[in-house]
Amino acid sequence: MRANKRGPAFRRWREVQAVLLRYGFESLIEKDRIRTARQWLEKELHLRPADIEGRSAPERARLMLEELGVSYVKLGQIMASRSDLLPAEWVSELSRLQDDVAPFPYEQVRQIIVDELGAPPEELFARFEEQPLAAASIGQVHRALLPARRPVVVKIQRPGIEPQIRADLEMLRRVARLAEARTAWGRESDAVSIAEEFARSLLDELDYINEGRNAERLRHNLAALPQVHVPAIYWELTTSRVLTMERVSGIRIDDLEALDQAGIDRATLADRFIRSMFQQSLVDGFFHADPHPGNVLVNPETGDLTYIDLGMMGTLMEEQRELLGDMLVAAVQRDSREVVRIALEIGTSTGEVQEPALRRDVDRLLNRYLTTGLADIALTSTLGDVMDAISKAGIRLPSDLTLASKAMVQAEAIARKLDPELKVVEIAEAAIEQAAAHRFEARTVMTQLSRDARDAVRLARSLPRVMDRLLHQIESGAVQVHLDAPGWKDQVRHLSTIANRLTAGLVVIGMAVGSAIAMGVSPQESWSFIPVLGALGFSLSTALGGVLVWSVLRDMWRTGRQRDGG
């Protein structure tokens, strides 16, 4: 990236370089700029190298990301969910990343609301609390009351955050390119693709309309589940920078003491929670990708379960949901062959996969629970371990699939904390059966048949045009066909031998005929040596013919012996 030396992007890149240098990650800085970055660090920013003595690389990375700010903290938090790409110690350290920041002043809050909604808070709401309920890196939340006396929360985006994040994303893309060019991990993990995927995710999170749509979709999907709730969105008070939603209160789902004091049946709550998570991942294919305890609240009066903070969601296509369900079933049945087959079908190979070794690893993981009853199997944790083994074997699984696995692992850990006796396998099997039943419903089957019929008609219409183009390319020499058949070289060699023998036979016959004619010529009618040459030629052709016949008979004899021996 050639940043304008007068613009903020250039200054930001210098700052990023300086922080990378401070924490010992100079390999991610272009070599000819390390000296410049060091000078910038010492003279312009008046900073010295960080105290990294004795700190591990994961810890240095966490501290560095926290210092770099919003975008980098978000990246670290997302990478903490990618146990398929990072070792356990990195995942553990990055999970500690915090993005709590000081709130911005109410005057700025008021101005943003005026700019986005066309009126100040005092005109739009019956009450609007100036003190924020919570503040984070991208925005902060305020309590409010609608004119109809309905309690709501209003999320306001931090001023100036979008240009900063866009500039940071350009920096991240550059660092990813350097990491991919200079480190084995960068090449193996496809760092550039991860950076692009993260950029799309973060830019979506910047648009509060996306979060509102996520809430509406999840609310619709979970409507049939009793006592599972998603806050309603007030669209007339929502824009890309302001989000107004139903205010919910409750107890964190992992606060066991508060749940017991409120008289909440923890076993019922655990069952309700894990069922809702399995439905999201295995049935609907649209799931909360960060269901940590702070994002799941329990109403102390009704026991209702409420999902909040819906900026980070995941999506699984129908075939991915089906294969994920099949993998869970295979894991329960300890069928390592089927698990590996599914992994190869759904994943992308990053190199040569040693399938027997992978199957042994998966078999070892599954058989840890050989003597464990179904009710005691940590199902999703087992699945997470299997996915880690698959990744280490050189198979890259779709990012949303690993995200769904992580979300289910989080959910099972919370549910088992609520109820250690929870039968997770039975709940998973019920969700898989529900998903299968949905696939075979009359409406679903008819929809699929209709889609297949449209595809077939489209293919039939395009086939003549495609064939005409292909034939034209073949005629013009633009298409070359290469055959690769087993034993092809041996067959060609055999055909060449036959052709050589035919040629030799024709030559011998020609010599014999010509020599016989020459022998019959009278010495008085031509040169006297012609009959002599004819005799010599006939003798030579007879000898060559005998050798040729012997060669053919010898090959026939060898072929017969091989057939009898086989």
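Tutor: Let us begin with a definition: a residue is buried if its relative accessible area is under 20%, exposed if over 50%, and partly exposed in between, with a 1.4 Å probe and protein chains only. Helices (H or I, at least four residues) and strands (E, at least two) are DSSP runs, numbered from the N terminus. This is a predicted model, in which local features need pLDDT of at least 70 and side-chain atom pairs count only at pLDDT 80 or more, while totals for chains, interfaces and linings use all residues. Residues are numbered from 1 along each chain as its sequence is written, and side-chain values use heavy atoms, with hydrogens and water left out.

Student: Which residues are buried in H8?

Tutor: An α-helix has 3.6 residues a turn, so residues three or four places apart point the same way. In H8 the buried residues include Ile161, Ile165, Asp168, Leu169 and Leu172. Helix H8 covers residues 161-182 and reaches 31 Å from its first C-alpha to its last, close to the 32 Å expected; the expected span is 1.5 Å times one less than the number of residues.

Student: Why is H18 described as largely enclosed by the rest of the structure?

Tutor: Of the 20 residues of H18, 15 are buried, so this helix is largely enclosed by the rest of the structure.

Student: What is the largest nonpolar core, and which residues have the most contacts inside it?

Tutor: In soluble globular proteins, nonpolar side chains tend to be buried together. A nonpolar core is a set of buried Ala, Val, Leu, Ile, Met, Phe, Trp, Tyr and Cys residues joined through side-chain atoms within 4.5 Å. Here the largest has 101 residues, and Ile253, Phe273, Phe278 and Tyr307 have the most contacts inside it. Helix H18 (residues 399-418) gives the most to this core, with 9 residues. Another core, of 18 residues, lies apart from it and has Val109, Ala144, Tyr234 and Leu237 among its members.

Student: In what order do the 4 strands of the open sheet stand?

Tutor: Strands of a sheet pair through backbone hydrogen bonds, either parallel or antiparallel. Two strands count as paired if DSSP finds at least two bridges between them. The order is E5-E10-E9-E7, with mixed pairing. Strand E5 (228-229) and strand E7 (251-252) are at the edges with a single partner strand each, so one side of each is left without a neighbour in the sheet. E5 pairs with E10 (residues 305-307) in the parallel sense over 2 bridges, and His229 stands opposite Thr306 in E10.

Student: Which strands pair with E4?

Tutor: Strand E3 (residues 139-145) pairs with E4 in the antiparallel sense over 7 bridges. Strand E6 (residues 242-246) also runs antiparallel to E4, joined by 5 bridges, and Val152 stands opposite Glu246 in E6. Strand E4 (residues 151-157) is mostly covered, with 6 of its 7 residues buried. In the hairpin of E3 and E4, Arg149 takes a positive phi near 70°.

Student: Is Ile233 buried or exposed?

Tutor: Ile233 has 9% relative accessibility and therefore counts as buried. This residue lies in the loop between E5 and E6. A contact means heavy atoms within 4.5 Å, and Ile233 touches residues including Gly212, Ala215, Leu243 and Met245. Ile233 and Val152 are 81 residues apart in sequence and 9.3 Å apart in space, C-alpha to C-alpha.
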